[in-house]
Amino acid sequence: MFDSLSDKLQGIFKNLRGFGKLSEKNVADALREVRLALLEADVNYKVAKDFIDRTKERALGQEVLSSITPGQQIIKIVHDELVTLMGGDPTQAGTPVPPIKSGNWMMVGLHGCGKTTTSGKLAKLLAKQGRKPLLVACDVHRPAAIYQLETLGQQVGIPVFSLRGETDVVRIAKQATAFAQAQNRDVVVFDTAGRLQIDEDLVQELVRMRDTLLPQEILLVADAATGQEAVNIVEHFDKALNITGIVLTKLDGDARGGAALSMRAVTGKPIRFAGVGEKLDDLELFQGERMAGRILGMGDVVSLVEKAQDAFDAKKAEELQEKIADQSLNLEDFLSQLQQLKKLGPLENLLGMLPGMGKMPDLSGGESQLKRVEAVIQSMTPTERRRPEILNAGRRTRIAKGSGTSVAEVNDVLKQFNAMKKMMQEMGKMQKAMIRKGGLPKMRLGR
């Protein structure tokens with residue numbers, strides 16, 4: 001996400017760092033390039049102009065020109081302005097996340113923006129945060145919309161309310177609300193109908209639903225790849241419904257991302273959630289400070305840690321620690337760690353959360369390499385995984401054929417495993433020695 005903008009901004013600031021002292025011309029030239037980068041990334045013209053004006057006012061002040069590291073100071077100013085643009089507070093160490101409200105949530109937007117899938121993802125996210133959501137099928141116009149939502153509900157373990165054959169969305173909404181109360185469901189997510197373009201019939205149907213439900217949240221689901229048109233869509237829906245927030249979908253597939261920066265500035269409504277992938281776990285709370293860090297190559301270590309906490313099994317981590325201490329690691333443990341790593345998402349997304357790592361080359365190669373390693377280990381028998389020392393030439397040839405790889409690649413996997421095992425055993429010895437000396441408490445892995 002934001003790849004194009006991120007590349008350009010990081011290139012501009014790399015040049016600025018080379019100056020020992022900045023002149024007004026250096027600053028003006030750099031900000032002119034920043035403005036072009038914003039426009040090329042589909043940021044609304046007025047939003048880009050206001051952003052540059054605010055940044056220029058601060059960058060030409062004494063805080064930069066008299067700074068010991070003027071290049072770094074400008075980067076800090078641009079970072080703070082990006083945080084503000086996306087609805088965060090740069091004066092705080094972490095942008096506060098609005099509390100999750102109980103009650104009725106309406107999901108609105110155009111056809112094809114991903115409302116139904118996002119509704120399922122949102123329900124799963126709410127459940128993880130301790131809520132008891134209910135999904136309601138109110139798209140009575142699109143064929144198979146009800147079936148799609150019911151399927152998603154089964155996948156995420158959330159009940160779905162529907163009235164097949166009913167075309168009055170207000171009647172569906174009323175009965176769904178009564179059902180939710182009877183089932184003690186505290187957040188009711190209404191998946192509404194969309195259209196290929198904005199039309200008044202759709203808007204009036206949504207207005208009638210809003211007036212009936214009095215929802216705590218009206219979230220506009222918008223496709224990040226829509227570009228400049230997304231701003232017009234947000235303005236139209238906001239004028240008709242007074243939306244409370246925005247959910248951006250397909251951020252992982254849009255290299256420009258300017259719509260995300262424009263919507264918040266134009267409407268004043270916060271971006272609440274971001275869809276960053278196709279999996280049902282790929283919906284994140286949108287936090288301006290973290291996103292600004294990713295755009296400028298500063299990383300987002302906090303989000304990476306949160307992903308790891310969700311994905312890694314604490315019990316397995318403790319078992320792994322015991323095996324390290326006993327020096328009994330095997331290929332089954334290696335495979336388990338790879339599979340948990342895959343839960344965190346694509347490798348390029350993970351490295352983008354680490355400062356300075358987002359632009360490493362050949363990330364796609366790293367992803368395919370992980371798959372090859374997994375295929376090699378899965379082609380072994382359980383005994384071979386537990387006792388890799390028995391893997392002679394004949395066994396390695398069979399494993400190579402079974403995994404669609406070469407014997408050389410099988411040998412590489414075993415070398416990687418042995419190197420990891422040796423490193424972890426050394427760490428285990430060091431830990432034991434420190435514990436004996438009383439200088440280090442026993443390490444606890446996992447959450």
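What percentage of the 447 residues in the protein chain do buried residues make up? I looked this up before anything else, keeping in mind that the model is predicted, and I found that buried residues account for 46% of the chain.

**Entry 1: overall make-up**

I went through the secondary structure and noted 20 helices and eight strands in the protein chain. I then turned to the contacts between residues at least 6 apart in sequence, and of these 72% join residues at least 24 apart.

I followed the eight strands through an open sheet and wrote down their order as 3-2-4-1-5-6-7-8, with mixed pairing. The edges are strand 3 (160-161) and strand 8 (283-285), each of which pairs on one side only. I looked at one pair in detail: strand 2 (residues 133-138) and strand 4 (residues 187-192) are joined by six bridges in the parallel sense, and within this pair Leu135 has Val189 of strand 4 as its bridge partner. Helix 8 (residues 169-182) packs on the sheet, where it touches strand 1 (103-108), strand 2, strand 3 and strand 4, and its direction makes about 165° with that of strand 2. I also noted helix 9 (residues 200-213), which lies across strand 1, strand 2, strand 4 and strand 5 (217-223) and runs at about 170° to strand 1.

**Entry 2: strand 5**

How many of the seven residues of strand 5 are buried? I counted seven of seven, so I have put this strand down as mostly covered, given that buried means under 20% relative accessible area. On one side I listed Glu217, Leu219, Val221 and Asp223, and on the other Ile218, Leu220 and Ala222, all of them buried. Strand 5 runs parallel to strand 1, to which four bridges join it, and Met107 stands opposite Leu219 of strand 5. Strand 5 also runs parallel to strand 6 (residues 245-249), here with five bridges, and Asp223 has Thr249 in strand 6 as its bridge partner.

**Entry 3: the cores**

The largest nonpolar core has 70 residues, and I noted Phe13 and Phe237 as those with the most contacts inside it. Setting aside residues up to four places away in sequence, Phe13 touches Val34, Ile74, Ile75, Val78 and Leu296. I found a second, separate core of 23 residues, which includes Met107, Leu122, Ala137 and Val221.

**Entry 4: helix 2 and helix 3**

I looked at how helix 2 (residues 24-40) packs with helix 3 (residues 45-59), and I recorded an angle of about 160° with the axes 10 Å apart. Angles over 145 degrees count as roughly antiparallel, and therefore helix 2 and helix 3 are roughly antiparallel to each other. The crossing of helix 2 past helix 3 is right-handed. Helix 2 contributes Val27, Leu31, Val34, Arg35, Leu38 and Leu39 to the contact, while helix 3 contributes residues including Tyr45, Phe51 and Ile52.

**Entry 5: Phe286**

Is Phe286 buried or exposed? I found this residue in the loop between strand 8 and helix 12 (288-295), and its relative accessible area is 9%, so Phe286 is buried. Leaving aside neighbours within four places in sequence, I listed the contacts of Phe286 as Met86, Leu251, Ile271, Arg272, Phe273, Ala274 and Met291. I also checked Phe286 against Leu248: the two are 38 residues apart in sequence and 8.9 Å apart in space, C-alpha to C-alpha.

Methods: Residues are numbered from 1 along each chain as its sequence is written. This is a predicted model: local features need pLDDT of at least 70, side-chain atom pairs count only at pLDDT 80 or more; totals for chains, interfaces and linings use all residues. Side-chain values use heavy atoms; hydrogens and water are left out. A nonpolar core is a set of buried Ala, Val, Leu, Ile, Met, Phe, Trp, Tyr and Cys residues joined through side-chain atoms within 4.5 Å. Buried means under 20% relative accessible area, exposed over 50%, partly exposed in between (1.4 Å probe, protein chains only). Contact means heavy atoms within 4.5 Å. Two strands pair if DSSP finds at least two bridges between them. Helices (H or I, at least four residues) and strands (E, at least two) are DSSP runs, numbered from the N terminus. Axes are lines fitted to C-alpha atoms, for helices over the stretch in contact, and angles run from 0 to 180 degrees between N-to-C directions. Angles under 35 degrees count as roughly parallel, over 145 as roughly antiparallel, 65 to 115 as roughly perpendicular and the rest as oblique. A crossing is left-handed if the near helix is turned anticlockwise from the far one by less than a right angle, and right-handed if clockwise.
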